[in-house]
Amino acid sequence: FPSHDRWWREKNKEQIKEVLKNKINIYKAFAEFFKWIKDINVDIFFNRHTLADYSWLESVCDKLNMENKISYKRVFDVCSIILFAKNEPKGYFDTGIKFDNHNALSDCKRDALQIAMCSYQEYALMSHYLENKKDETK
């Protein structure tokens with residue numbers, strides 16, 4: 001994956017520069033991250049592809065000899081959600097909103113928007129279905 005890694009480093013050059021301004025110990029960073037997600041009561045995580053980000057997190061925690069506080073049972077991939085909700089095998093769809101950049105942060109925003117749109121669409125379809133069922137029983 002060296003070319004992929006180079007591409008992401010180039011696309012996220014400004015964000016990486018900002019992150020590296022205030023270097024902290026990686027163990028401390030992960031400890032603070034795990035504390036933060038516990039404090040805000042988050043226990044479901046989404047990632048772009050099946051276990052890609054989770055595998056990275058697991059390997060980093062292993063190298064740091066640190067317990068991974070995120071259970072693999074609580075990680076869901078965006079592509080599968082979109083496949084089932086929209087019957088879209090590409091794993092993404094046009095939201096009608098143009099994102100200027102293709103970098104890690106804008107990709108997360110796009111994924112969150114797509115999950116929200118799929119959830120709303122499923123809610124609307126189910127509400128419509130239940131309303132029609134109610135009419136049939138009258």
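This briefing walks through the fold, cores, surface and salt bridges of the chain shown above. The model is predicted, so to speak of local features a pLDDT of at least 70 is needed, side-chain atom pairs count only at pLDDT 80 or more, and totals for chains, interfaces and linings use all residues. Residues are numbered from 1 along each chain as its sequence is written, and side-chain values use heavy atoms, with hydrogens and water left out.

**Overall fold**

- The chain holds 6 helices and 2 strands; these are DSSP runs numbered from the N terminus, with helices being H or I of at least four residues and strands E of at least two.
- Read from the N terminus, the order of elements is α-α-α-β-α-β-α-α.
- Of the 138 residues, 22% are buried, where buried means under 20% relative accessible area, exposed over 50%, and partly exposed in between (1.4 Å probe, protein chains only).
- Among contacts (heavy atoms within 4.5 Å) with a separation of 6 or more, 67% join residues 24 or more positions apart.

**Nonpolar cores**

- A nonpolar core here is a set of buried Ala, Val, Leu, Ile, Met, Phe, Trp, Tyr and Cys residues joined through side-chain atoms within 4.5 Å.
- The largest one has 11 residues: F30, F34, I37, F45, Y54, L57, V60, C61, M66, I70 and V75.
- Two elements, α3 and α4 (52-63), each give two or more residues to this core, and α4 gives the most, with 4 residues.
- Beyond its neighbours within four places in sequence, F30 is in contact with W56, L57, V60, L64 and M66.
- A second, separate core has 6 residues, including V78, A85, F93 and C118.

**A nonpolar surface patch**

- W36 sits in helix α3 (residues 26-39) and counts as partly exposed because its relative accessibility is 48%.

**Positive phi in two loops**

- Most residues other than glycine have a negative phi.
- N41 has a positive phi, near 60°; N41 lies in the loop between α3 and β1 (45-47) and is exposed, with a relative accessible area of 66%.
- N65 also has a positive phi, near 55°; N65 is placed in the loop between α4 and β2 (75-77) and counts as exposed at 71% relative accessibility.

**Salt bridges**

- The count comes to 9 salt bridges, each being a side-chain nitrogen of Lys or Arg within 4 Å of a carboxyl oxygen of Asp or Glu.
- K13 and E10 pair through their side chains at 2.9 Å, N to O; K13 is partly exposed at 40% relative accessibility, and E10 is partly exposed at 48%.
- D111 and R48 form a salt bridge at 2.5 Å, N to O.
- That pair links distant parts of the chain, 63 residues apart: D111 is in helix α6 (residues 104-136), and R48 is in the loop between β1 and α4.
- Both D111 and R48 are buried, with D111 at 9% relative accessibility.
- R110 and D111 also meet in a salt bridge, at 3.6 Å, N to O, and R48, R110 and D111 are linked in a salt-bridge network.
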